[in-house]
Amino acid sequence: PKTCENFLTLAEESYAGSPFHRVTNKAWIQGGAVGDESIYGGVLEDESFAYKHVGPGDVGMASTGPHSNATQFYITLDKLDWLDNKKVVFGRVVDGLKA
């Protein structure tokens, strides 16, 4: 729940005009505000690894390691099961994805 709220608030307040700054071939695109603090101050812990990287359109938090989620996110372009249990998937693109 905190990860989703963090993303939603940042999408409404900070992500407008922020470009995708990292594109990896057949893996993911990464974007988000530059910064190291979530809306709660500091970083967010990894809440859950219940959702897996099943294919194009998974939305997850980009992080530098365990419990370091802040402002950056990624959208997968393929199944990335090697990221399962390492990165938090918290959503899925439901419209507009052309992969």
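**Entry 1: aromatic pairs**

I searched the whole structure, a predicted model, and found 6 aromatic pairs.

I looked up Tyr15 and Phe73, which form a tilted pair at 5.0 Å centre to centre with 45° between the planes. The pair links distant parts of the chain, 58 residues apart: Tyr15 is in the loop between α1 (2–13) and β1 (22–24), and Phe73 is in strand β4. I took helices (H or I, at least four residues) and strands (E, at least two) as DSSP runs, numbered from the N terminus.

I then checked accessibility, where buried means under 20% relative accessible area, exposed over 50%, and partly exposed in between (1.4 Å probe, protein chains only). Tyr15 counts as buried because its relative accessibility is 10%. Phe73, at 8%, also counts as buried.

I next examined Trp28 and Trp82, whose ring centres are 6.2 Å apart and whose planes are at 50°, so the pair is tilted. Trp28 lies in strand β2 (residues 28–32) and Trp82 in the loop between β4 and β5, so this pair ties together parts that are 54 residues apart in sequence. Trp28 is buried at 13% relative accessible area, whereas Trp82 counts as partly exposed at 48%.

I also noted that ring pairs link Phe7, Tyr15, Phe20, Phe73 and Phe90 into a cluster.

**Entry 2: a charge over a ring**

I found Lys2 over the face of Tyr40, at 5.2 Å from the ring centre. For this I required NZ of Lys or CZ of Arg within 6 Å of the ring centre and within 35 degrees of the ring normal.

**Entry 3: salt bridge**

I searched the whole structure for salt bridges (a side-chain nitrogen of Lys or Arg within 4 Å of a carboxyl oxygen of Asp or Glu) and found 1. Arg92 forms a salt bridge with Asp58, with the closest N and O atoms 2.7 Å apart. Arg92 lies in strand β5 and Asp58 in strand β3, so the pair ties together parts that are 34 residues apart in sequence. Arg92 counts as partly exposed at 43% relative accessibility, while Asp58 is buried at 3%.

**Entry 4: Lys87**

I located Lys87 in the loop between β4 (72–76) and β5 (89–92). The side chain of Lys87 reaches the backbone oxygen of Ser63 at 2.7 Å. Leaving aside neighbours within four places in sequence, I found Lys87 in contact (heavy atoms within 4.5 Å) with residues including Phe49, His53, Ser63 and Tyr74.

**Entry 5: Leu44**

I placed Leu44 in the loop between β2 and β3 (58–61). Leu44 is buried, with a relative accessible area of 6%. Leu44 and Ser63 are 19 residues apart in sequence and 9.8 Å apart in space, C-alpha to C-alpha. With neighbours within four places in sequence set aside, Leu44 is in contact with several residues, among them Lys2, Asn6, Ser38 and His67.

**Entry 6: basis of the values**

Residues are numbered from 1 along each chain as its sequence is written, and side-chain values use heavy atoms, without hydrogens and water. In this predicted model, local features need pLDDT of at least 70 and side-chain atom pairs count only at pLDDT 80 or more, while totals for chains, interfaces and linings use all residues.

Conventions
Polar contact = N/O pair within 3.5 Å; in protein donor to acceptor, adjacent residues only side chain to side chain. Phe/Tyr/Trp six-rings, centres within 6.5 Å; stacked < 30°, edge-to-face > 60°.
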